[in-house]
Amino acid sequence: MELAGHAALISGGASGLGRATAAALAGAGTKVALLDVNAAAAEAAANELGGVGLACDVTDAASTERAVAAARARHGPARIVVNCAGIGRAARIVERDGKPMPLAQFKQVVEVNLIGSFNLLRVAAAEMSVLDPLDDGERGVIILTASVAAYDGQIGQAAYSASKGGIVGLTLPAARELARHGVRVVAIAPGVFATPMLSGLPQAAQDSLAAGVPFPQRLGRPEEYAALALHICRNRMLNGEVIRLDGALRMPPR
Ligand SMILES: NC(=O)c1ccc[n+]([C@@H]2O[C@H](COP(=O)([O-])OP(=O)(O)OC[C@H]3O[C@@H](n4cnc5c(N)ncnc54)[C@H](O)[C@@H]3O)[C@@H](O)[C@H]2O)c1
């Protein structure tokens, strides 16, 4: 669909890939609402980009429904949704001291990355399904964010990889079901990108991640993720697919 004039919701819009996508969408004339658990950061980013920043915890049904309703009141119903809210927390299944990973840790990662994405998808899809159809009968597009860890999860990524594998598994059945409403669902599986999620790692770890990317041998730039997200919005034949965006990276076991 054309981007100008439509309303978009970007979860995790306060930082990293979500923020870059919100900036690119705003630059293309889309009305952007940044939904983030960090409300202050969402508002600050939205002020800079010319959008609206809203408090939203994607793991919470009521919080997400409230944020989507508030965005609708400001911009009208959203035809574009980009799910970038996520957390990454490395932990071994059996820690070096022999203790099992706390179950709450596994649950939290799946809760934010998988259940949170489904939560926004379900609310947004219901709203999109009753909108007037555009060209080709299209009503909306929902972008999910998986990860190459869904396929090549490393030691310590059991929870993260499982959550992202869930996103890969969700994409096709969601696209199939929502096809009758003219709503597309596409996922992006990024490799390693230079965002606050990675900048918490020591420089040596960041350098070694970058060195593992065949070409271009560097971390991805958030604008490169945003460029693909905008292309997905514009290209109606993209549907039900997970697209790796990784410079041919295949992660080793550790
Ligand atoms: N950076 C990478 O290399 C990389 C690689 C593969 C996949 N990803 C995925 O891309 C997405 C964006 O990651 P990023 O690198 O931009 O990270 P980031 O930490 O810069 O941004 C994530 C944002 O999500 C928000 N968030 C966290 N929990 C939330 C919740 N419960 N409700 C609403 N918002 C919440 C955070 O406040 C933050 O603003 C994540 O799903 C991540 O797993 C990132």
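With 254 residues, a compact globule would have a radius of gyration near 18 Å, and the protein agrees because its own value is 18 Å (taken over C-alpha atoms; the rule is 2.2 Å times the number of residues to the power 0.38). This is a predicted model, where local features need pLDDT of at least 70, side-chain atom pairs count only at pLDDT 80 or more, and totals for chains, interfaces and linings use all residues. Residues are numbered from 1 along each chain as its sequence is written.

**Exercise 1.** Work out how the span of helix α3 sits against the expected one.

*Solution.* Start with the residues: α3 runs over 61-75, so it has 15 residues (helices are DSSP runs of H or I, at least four residues; strands are E, at least two; both are numbered from the N terminus). Next, the expected span is 1.5 Å times one less than the number of residues, giving 21 Å here. Finally, first C-alpha to last reaches 21 Å, close to that.

**Exercise 2.** Sort out which residues of α3 are buried and what covers them.

*Solution.* First, pick out Thr64, Ala67, Val68 and Ala71, which are buried (20 or more other C-beta atoms within 10 Å of its own; exposed means 12 or fewer, partly exposed in between; C-beta atoms are placed from the backbone). They cover an arc of only 95° around the axis, so they share the same side of α3 (the arc is that of the directions from the helix axis to the C-beta atoms). Last, the cover over the buried residues includes β1, β2, β3, β4 and α4.

Technical notes: Contact = placed C-beta atoms within 7 Å.
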